[in-house]
Structures are given as structure tokens and as C-alpha cells.
Amino acid sequence: MQISIKAARVNKEMTQKEAANKLGIDKKTLASWEKQKTMPSADKIALLCSLYEVDYDNIRWTAL
């Protein structure tokens, strides 16, 4: 079952600000990824998966 980037963050009980700080990005950038307006780079995808402790295949990267 795939989950959204936002759901993965919420499951780790992090705010956008907390997650963005840990990822070294602006909160607006994370919000853009969560709204699927933009896509993170490969290195940021790896960081997201590590931070949220989810496998790449378990995150829904595009809208249904």
C-alpha cells in the first residue's frame, strides 16, 4: 500500500517545518512536494525515505 509524502511525514509526527529543517530545504519546497506541484530530486527522495523510514516503493509520488 502506498502513502503520500504528507502521510509519511504525519506518521512520523513531524510538522512541515521540522521535516524541512531536517531535509535542509525550505518549508515551501516541502509543501510543493506534498501538493505534487514539484518533484524532489533523487538525493532528496533518498533523504525523505530515510527520514520517514519508508521504502521508495511505498510512497505515492504522483496523483492518483
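Colleague: Which helix holds Glu34, and is Glu34 buried or exposed?
Modeller: In this predicted model, Glu34 is found in helix H3. Buried means under 20% relative accessible area. Glu34 has a relative accessibility of 13%, so Glu34 counts as buried.

Colleague: Which residues is Glu34 in contact with, leaving aside neighbours within four places in sequence?
Modeller: Glu34 is one of the buried residues of H3, and the buried residues of H3 pack against H1, H2 and H4. With those near neighbours in sequence left aside, the contacts of Glu34 are Ile5, Lys6, Arg9 and Gln16.

Colleague: Which residues in H3 are buried?
Modeller: Helix H3 spans 27–34. Its buried residues are Leu30, Ala31, Ser32, Trp33 and Glu34.

Colleague: Which element gives the largest share of the largest nonpolar core?
Modeller: That core has 17 residues, and those with the most contacts inside it include Leu30, Leu48 and Tyr52. Helices H1, H2, H3 and H4 each give two or more residues to the core. The largest share is five residues, and the element giving them is H4.

Colleague: Which residues of H4 (42–52) does Leu30 touch?
Modeller: Not counting residues up to four places away in sequence, Leu30 touches a set that includes Ile5, Ala19, Ala20 and Leu23. H4 covers 42–52. Among the residues touched by Leu30, those in that range are Leu48 and Tyr52.

Colleague: How is the aromatic pair of Tyr56 and Trp61 classed: stacked or edge-to-face?
Modeller: The count comes to one aromatic pair. Its ring centres are 5.4 Å apart, with 25 degrees between the planes. Tyr56 is partly exposed at 43% relative accessible area, whereas Trp61 is buried at 13%. Planes under 30 degrees apart count as stacked, so the pair of Tyr56 and Trp61 is stacked.

Colleague: How far apart in space are Asp57 and Gln2?
Modeller: Asp57 lies in the segment after H4 and is exposed, with a relative accessible area of 57%. In sequence, Asp57 and Gln2 are 55 residues apart. Their C-alpha to C-alpha distance is 7.3 Å.

Terms used: Residues numbered from 1 in each chain as written. Predicted model: local features only at pLDDT ≥ 70, side-chain atom pairs only at ≥ 80, totals over all residues. Heavy atoms only, no water. Core = buried A, V, L, I, M, F, W, Y, C linked by side-chain atoms within 4.5 Å. Buried < 20%, exposed > 50% of the residue type's maximum accessible area, 1.4 Å probe, protein only. Helix = DSSP H or I, 4+ residues; strand = E, 2+ residues; numbered from the N terminus. Contact = heavy atoms within 4.5 Å. Phe/Tyr/Trp six-rings, centres within 6.5 Å; stacked < 30°, edge-to-face > 60°.
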